[in-house]
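The sequence and the model are shown first, and the description follows.

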Amino acid sequence: MNGIEDRLRDAFGARAEAVRPRAGAHAENARRLRRARARRRVAVPAAALATAGVAVAATLPAALHDDGPDALGAAGTPGALVDGSTIVTIPGTVAGGAAFRPDALGTDGSVIGRTPDLRVWAAGASALKPRYLAAKAEGGLSTGPGFTTWITPGSWVLTCRTSGGLVRRIGPQGTTPEQPVLAGGGMVVASDPMEQPWEARTKGCADTGRSTENHLGSTLGVAKAFAYPTMFVVEPWQKRVLREIDVRKDRVVREHPLPTGVRPVTLPEQELSSVTEGNHTTVQGGGTPAPPEQVWQAAANGRYFAWVVDGRLRIAERDGWKVRAEIARSPRDGEKDEAAASLTAGDRVIAYSAGRSSTVYDTKTGRVHTWAGQVLAAGGWLLWRDGAAYRLGRIR
């Protein structure tokens, strides 16, 4: 850093100690510093990061990050992937001034998100200003043509709301906030509290849904990703596999080993001892407690399956299941709270957001981009945080 950047850093740091920053302030300040560095450095071709058909291991140094407007082009988009003529702005605050954060992006450009008090708001390409849906959500947010979903706080109830305001409960037994609710192809898929997948049609929110049927037993595992008509279900307990299920036929079409880095679930070892009192003997259990549940993300499109374990993003080709890219986030990429992270896949772009930054992978070129803010991908749309607002546009 030069002297100006040092003074900027110190000034912003001192200001942060004294004043509560507005939404997006950290991203804006970080972007100013990155812009100054980008003007001075010699660009290293990002194409060197990947060769078609060859897996890439990338812990990106600062000079290789396409992470600011100057590095990304005049449009200031993540990787300049978006057609500039389609970009619209969605406010980062709602009526009353509360911060709005998107939870999900639909294949039709619809957006659903929440304010810090868990109130649910909807926006999108056709209605830029977030509008309140008169509900609160603990999780389970998804959106698409004519519908939105969310989980009612303190319950497993998954609510489906039509664009006309009709509200219905869907899911045979609902779902839990810890599990994803996934939408595509006019369907919603999720897992019930017993960790069994189910599916429902979204047209009019009229379908209450049903458990996924197959010939392998009732316990299938957790639905982790969905690229219509394929639902990806992980079963880490007995067979320890990842299954591809065709929801049109309710049939398992492929099985894979657990994705790299995903741990099988084992029961804790129990040390048994016996205690005799008179004529009665009691067996007591002890031993090691169960390990904490592993939190990981997954997403898919028509050609690729992507997953993130311990901050490392891997992308495999569905045809042949060969890992095409492996990307390790650098320490400067922010928090490692996987529970709050998101991994989304559009037709061309895969986006992983965690902490204050995102890793964006272009499946067409193999290029890796980073962005100081949240990024979501769905279908032909990309949504990203830009300062105090969000931009939404169609991918080229």
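Helices (H or I, at least four residues) and strands (E, at least two) are DSSP runs, numbered from the N terminus. The structure is a predicted model, in which local features need pLDDT of at least 70 and side-chain atom pairs count only at pLDDT 80 or more, while totals for chains, interfaces and linings use all residues. Residues are numbered from 1 along each chain as its sequence is written, and side-chain values use heavy atoms, with hydrogens and water left out.

## The loop between β10 and β11

Threonine 175 lies in the loop between β10 and β11. Burial is judged by relative accessible area: under 20% is buried, over 50% is exposed, and values in between are partly exposed (1.4 Å probe, protein chains only). Threonine 175 is buried, because its relative accessible area is 0%. A contact means heavy atoms within 4.5 Å. Leaving aside residues up to four places away in sequence, threonine 175 touches Ile151, Trp156, Leu158, Val181, Ala190, Ser191, Asp192, Pro193 and Trp198.

Glycine 171 is placed in the loop between β10 (167–170) and β11 (182–184). Glycine 171 counts as buried because its relative accessibility is 9%. Its contacts, not counting residues up to four places away in sequence, are Trp198 and Thr208. Glycine 171 and tryptophan 198 are 27 residues apart along the chain, and their C-alpha atoms are separated by 6.9 Å.

## The disulfide

A disulfide is a pair of cysteine sulfur atoms within 2.5 Å. By this rule the count is one disulfide, and it joins cysteine 160 to cysteine 205 with an S to S distance of 2.0 Å. Cysteine 160 lies in strand β9 (residues 158–162) and cysteine 205 in the loop between β13 (197–201) and β14 (210–211), so the bond ties together parts that are 45 residues apart in sequence. The torsion about the S-S bond is about -60°, so the disulfide is left-handed. Cysteine 160 is buried at 2% relative accessibility, and cysteine 205 is buried at 1%.

## Two open sheets

Two strands pair if DSSP finds at least two bridges between them.

In β5, tryptophan 121 is the bridge partner of glycine 113.

Strand β27 (residues 357–362) is mostly covered, with six of its six residues buried. Ser357, Thr359 and Tyr361 are buried on one side, and Ser358, Val360 and Asp362 on the other. In the hairpin of β26 and β27, with two residues between the strands, glycine 355 takes a positive phi near 65°. β27 and β28 form a hairpin with five residues between them, where glycine 366 in the turn has a positive phi of about 80°.

| Strand pair | Bridges |
|---|---|
| β4 (residues 110–114) and β5 (residues 119–124) | five bridges |
| β12 (residues 187–191) and β13 | five bridges |
| β26 and β27 | six bridges |
| β27 and β28 (residues 368–371) | four bridges |

## The nonpolar core

A nonpolar core is a set of buried Ala, Val, Leu, Ile, Met, Phe, Trp, Tyr and Cys residues joined through side-chain atoms within 4.5 Å. The largest has 16 residues, of which Leu313, Ile315, Leu343, Ile350 and Tyr361 touch the most other members. Isoleucine 315 has contacts that include Tyr304, Phe305, Ile350 and Tyr361.
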